Every structure is written in C-alpha cells, then in structure tokens.
Amino acid sequence: MAGFIRNKPAKHRKKRHNYTQCNTGADYIFEPAEAEGSGYLISQGRNVKCGDCIVLGDNANPHQYQVEAIDYYSNPSDMWIAALQPIRQ
C-alpha cells in the first residue's frame, strides 16, 4: 500500500440550530409524527446533519429535538426534510 495516504473521515461536530426566532409556516413547517413528541421538519438552510440539535418554539417554551435522518431536495438544493426525535431533559 505504499504511496496511499489514509485519511480518516472527519467526525461530524454536532451543531445546535435555533429556530425560536423563526416563523412557523414561513421559515419552517413542523409535522407531528405518530410517535409521541417526534415529527418532521421542512426548512431551508445548509449544514444541518444527522445528530444535530434543533430548537423550536419560542424562547419561553423551547423544545429540543435531535435530527435522526435528513434528506436534502434537489431543487432548491438547500431545502430539506428531517425526522426529529425529542431530546428528553
């Protein structure tokens, strides 16, 4: 294997995406799922990945979710749908 450099894949650093200042229906759409507290979020923006935290609601009553799965649309390329699970505290 001489001549090959092995690069370890970079670990994804989990990010926190705060949507508490965004408008429901305009900036994002949250659809509840059958499982208690879980749901689907449709929005636009780049760099949202599995494992990230998304905060919805308002500052007085925020709800935290973990991105379990995400799929980006092809057009527009920054639009996505994510499956969310509530983060229990």
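A polar contact is a pair of N or O atoms within 3.5 Å, where, within protein, one must be able to donate a hydrogen and the other to accept it. The model is predicted.

**Whole chain**

Start with everything selected. The chain has six strands and zero helices. Along the sequence the pattern reads β-β-β-β-β-β. Buried residues account for 24% of the 89 residues. Of the contacts with a separation of 6 or more, 49% link residues 24 or more positions apart.

**The sheet**

Colour by strand. The six strands form an open sheet, in the order E1-E4-E5-E6-E3-E2, with mixed pairing. Go to the edges: strand E1 (16-18) and strand E2 (28-32) each have a single partner strand, so one side of each lacks a neighbour in the sheet. From one strand to the next, the twist averages 30°.

Next, select E5 and E6. These two strands run antiparallel and are joined by seven bridges. Zoom in on Ile70, which stands opposite Ala82 in E6.

Nonpolar side chains tend to be buried together in soluble globular proteins. Select the largest nonpolar core here: Tyr19, Tyr28, Leu41, Val48, Ile54, Leu56, Tyr65, Val67, Trp80, Ala82 and Leu84, 11 residues in total. Strand E4 (53-58), strand E5 (61-72) and strand E6 (79-86) are the elements that give two or more residues to this core. Which strand gives the most to this core? E6 does, with three residues.

Pick Leu56 from that set. Show its contacts, skipping neighbours within four places in sequence. Leu56 touches Tyr19, Thr20, Tyr28, Phe30, Leu41, Asn61, Pro62, His63, Tyr65 and Leu84.

**Ser43**

Last stop: select Ser43, in strand E3 (residues 39-44). Is Ser43 buried or exposed? Its relative accessible area is 3%, so Ser43 counts as buried, the limit being under 20%.

Now show the side chain. A polar atom of the Ser43 side chain lies 3.0 Å from the backbone oxygen of Asp27. That distance is within the 3.5 Å cut-off. Ser43 is in contact with Tyr19, Asp27, Tyr28, Asp78, Met79 and Trp80. Among them, Tyr19, Tyr28 and Trp80 are also members of the nonpolar core visited above.

Technical notes: Residues numbered from 1 in each chain as written. Predicted model: local features only at pLDDT ≥ 70, side-chain atom pairs only at ≥ 80, totals over all residues. Heavy atoms only, no water. Helix = DSSP H or I, 4+ residues; strand = E, 2+ residues; numbered from the N terminus. Buried < 20%, exposed > 50% of the residue type's maximum accessible area, 1.4 Å probe, protein only. Contact = heavy atoms within 4.5 Å. Core = buried A, V, L, I, M, F, W, Y, C linked by side-chain atoms within 4.5 Å. Pairing = 2+ DSSP bridges. Axes fitted to C-alpha atoms, helices over the stretch in contact; angles between N-to-C directions.
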